[in-house]
Each structure stands twice: as C-alpha cells, then as structure tokens.
Amino acid sequence: MGVLLVAALFLAIGLPGVSAQVPTLTLWYPAGEITQTTLPLRDPTLFAPFEATARVKVEMVALDYDTMQQKIFAAAAARNVPDILFIDTSWMPGFLKEELLEQVDPAKAKRWLAAVTPEIVELSDYGKGTMWGYPQMGIDVYGLTWNKQHFREAGLDPARPPQTWDELRDYCRKLVKRDATGKIVRVGYAIRHVGHPHGVVHKHLWAIWGAGADLIDNPNALRGGRVKFNNEGGRAALQLVLDMLNVDKCTSLDFPDPRAAFLRGIASMQISETVSIRARQPKEAPDMPWTTGWGMALPPARKAGDKPATLLGAWLFAVPRGAKNRDLAWRAVEWVNSEINDYTLARKFGLTPRYKTNWQKEPFKSDAYAQALLKMAPYGRRLPINLGLNGIMDALGGAIQKAWHGEATVQQALAEAERLANKAIADAAK
C-alpha cells in the first residue's frame, strides 16, 4: 500500500496524531469604536463553543469602516465574498440593489419576530416579515445626554431634561458659558454640523421626524417614492438649530463632534448614539459616571403633547449570496443569535438583549441603564431601505450644513436637497 494511500486512510478514520482539516468561515466586521460599542467581535473566543461543536474555524477580519462597503462590493464581484458580514443597516439599499444578501428563512424569521422586543422587530422586519439578517444585541438608540453638574450650576433640576423644543432652547441659554471676552467656552447644546452628511442627518433626525417631516414617503419601498422633508416640519427642524446659533447664541460652529465635546465637558447637552457615550465615558470622562454624572433620555418633542421620535441604529449579521460555506455560515449566525446566546453574550459584554424572555432575567431586569434604553427604544425608527437612500442622505445632510453655515436659507437649501434627492430616487429605480 502506497504512502499517500495510507495517509489518506489515516485522515478518513481520524487516527491519533492526524488531524483532518476543518473548514474556515470568514466574518468581516468594522474595526474600531463601532465594534467596541456593539458586539465585541475582537474577542477571539466569541465563537469558540460553536467552533468546537460544528468542527469549523470562524476567522474574524476587521476592516476600515470607511472602505468596508466598497470592499464587500469588490469581493462579491470577484466571487470571493466572505461567509458572514456584520454590516451597517444604512448600507442595505445598495446591497439589496445588487442582490448581494441571502434572505433569512421565512419560518425562522417568523419565530424571531415573535420572540424579540418591538424595537428589534422594527430593526429586523423589512416588510411583511422579510428579514435580511439579525440585528446586533445592544440597543443603539439616539438620545439626549446631559451633564448633571452643569445643570446644578445653572439652577436646573439635574434629574429633568428638556421635554420640548422651547425648553431645549431655554436650557441651552442657561447652560452656555463664556469667557471674559464673551467667547463661548462651553455650549449649552452641541451640534454635528461638519463631516459626512449622513452623520449630520443621523444626529438631527429626532427633530425632522418629531416635526412630522420624513426622509421618504414609504420607508419599506425599495424603489420609487418621493422625499418628505421640504415642508413646514423640515423647515422648522433646521430653523431650530439656526435660532440656537443666531438668536440664543448658546451653541457654536467652532466646537468638535458633539460626543467628544460632551465627554470633554465643553458641552452640557448633545444628541447622538447613547451606546457610544456609555462605552466611552469611563475612559474619557471618569469623573462623570452614569446616573450621578450624566443622564440619558429621549430627545425633546416639538411641543407639549407631541410624541418624541428618534433614530434606531443597528448592525446586522448577514450571509451574502455566493458565500462558499453558506449552510455553515447560517448555522454560525443562528447560533450567535440564539435565545441562550443572546442572554449569555449580552450579560458577558454588558449589552442589552433582544429576546423578550431575556429582559425578564437578571441583570437586565434590574439594570437602570438597560431599563432606560428599553423605555426609549419604542420611539425609535430605522432608516428606510430605498435604493436612493445614499442620495437622500447626501442631499439632506448637505442642506443642513449649508443652512447652518449661512450658505443658503433654510428654504433654498431644502428645495435644492428635495430636487437632488428625488433625482437620486428616480435614478436608483431604473
């Protein structure tokens, strides 16, 4: 019997000292803070139990966020796409246009939607129970955060954030701080007014939605539709910050990103991803701990009696079409998103669970931060999946920046954005 044949037999029957090669699943995820504030995919033991039972290796590859989307498209075109993707839901329209993602099995989607909390249903269901992946554990809801010590210094109740737009302006005026020359050294409310236009929109959607405006008329329509932000509500949302800049003079265009300004103590209030503040605060602002140092609540409503609105963000575990190990990839995705692992991993990493049953267990049942998020989440909405979303966000984000920087009136900026966004929707539908 030849040497090669003997070796082959050893591999086949698994004799001691000879290890059969196991398949490798490749998972791409974004590097940096984005992952640190969601599911810590840098943990090399994350999939260890699954690897042991499924006899597979899960290789997790961190990519730069700014180029990750383009690399996924390039890999798909080259027929070398990874087996699992951890993707930003704002990328969904482009991926769906190219038919890049596998749909979750309808029966499994139905069971998931029945088992998870309402905000997870909002993030999962793309119309009539259609799912393209499983949203992460850890609620990423945009909220108002405030510095309680600043409130005390200004004579404000540190346990009561502003409830309406008028109160937000009033608090902002009371909290702003100037030096001897009159220069602002601490803003009452920090704004995102530079950088990628999508980020500018994300941090002001609470006002746009809260005023009755919208990005598009049907958020679940893949093609067609018209934008709904060039109206009274949209104009009021942009004018709110303009008044805080030019009338109240309690915010400024000379300050950094609102999250950084807040954590540095040079902003008393800001609205952004609450999970980011929670993750960064212990290191960047150790003297401002959660509950005693900073508070968190829904963004203010336009007026008393109005329903507040905010943005729900999420990253999604998805399996792309063309995955070389498709069945194993789905098994891995379903394993990490199972009810037991939802509890185990959320508890291990200090995140919030998704299954309704897990919210009834400790530590989530008694955790003040988790329960605060759970109360905020029902007011959250996800971004639409229209194929023209990138164009909508670029146009609206550009309009907000032009209006706030005095490069155009609110009316002019929104009219131009409406034209560009509707063109993007029409072009994407072709």
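## Asp-43 and its partner

Asp-43 is buried in this predicted model, at a relative accessible area of 17%, under the 20% cut-off. Its side chain meets that of Lys-348 in a salt bridge, 3.3 Å from N to O. Asp-43 sits in the loop between helix H2 (33–36) and helix H3 (48–54), while Lys-348 belongs to helix H16 (residues 339–349), so the pair ties together parts that are 305 residues apart in sequence. Lys-348, for its part, is exposed, with a relative accessible area of 53%.

## Other salt bridges

The salt bridge count comes to 24. One of them joins Asp-248 and Arg-169, with the closest N and O atoms 2.7 Å apart. Asp-248 is in the loop between helix H12 (232–246) and H13, and Arg-169 is in helix H9 (residues 165–175), so this pair links parts 79 residues apart in sequence. Both residues are buried, and shared partners join Arg-169, Asp-170, Arg-173, Lys-174, Asp-243 and Asp-248 into one network.

Glu-167 and Arg-160 also pair up, at 3.0 Å from N to O. Here Glu-167 is partly exposed at 24%, and Arg-160 is partly exposed at 32%.

## Arg-259

Arg-259 is found in helix H13 (residues 258–263) and is buried, at 15% relative accessible area. Its side chain makes a polar contact with the side chain of Glu-273 (3.4 Å).

## Helix H4

Met-68, Gln-69, Ile-72 and Ala-75 are the buried residues of H4. Their cover includes strands E1 (24–30), E2 (57–63) and E3 (84–88), plus helix H5 (92–97).

At the start of H4, a side-chain oxygen of Asp-64 comes within 3.2 Å of the backbone nitrogen of Asp-66. Just after the helix, Arg-79 has a positive phi of about 55 degrees.

Key:
Residues numbered from 1 in each chain as written. Predicted model: local features only at pLDDT ≥ 70, side-chain atom pairs only at ≥ 80, totals over all residues. Heavy atoms only, no water. Buried < 20%, exposed > 50% of the residue type's maximum accessible area, 1.4 Å probe, protein only. Helix = DSSP H or I, 4+ residues; strand = E, 2+ residues; numbered from the N terminus. Contact = heavy atoms within 4.5 Å. Polar contact = N/O pair within 3.5 Å; in protein donor to acceptor, adjacent residues only side chain to side chain. Salt bridge = Lys/Arg side-chain N within 4 Å of Asp/Glu carboxyl O.
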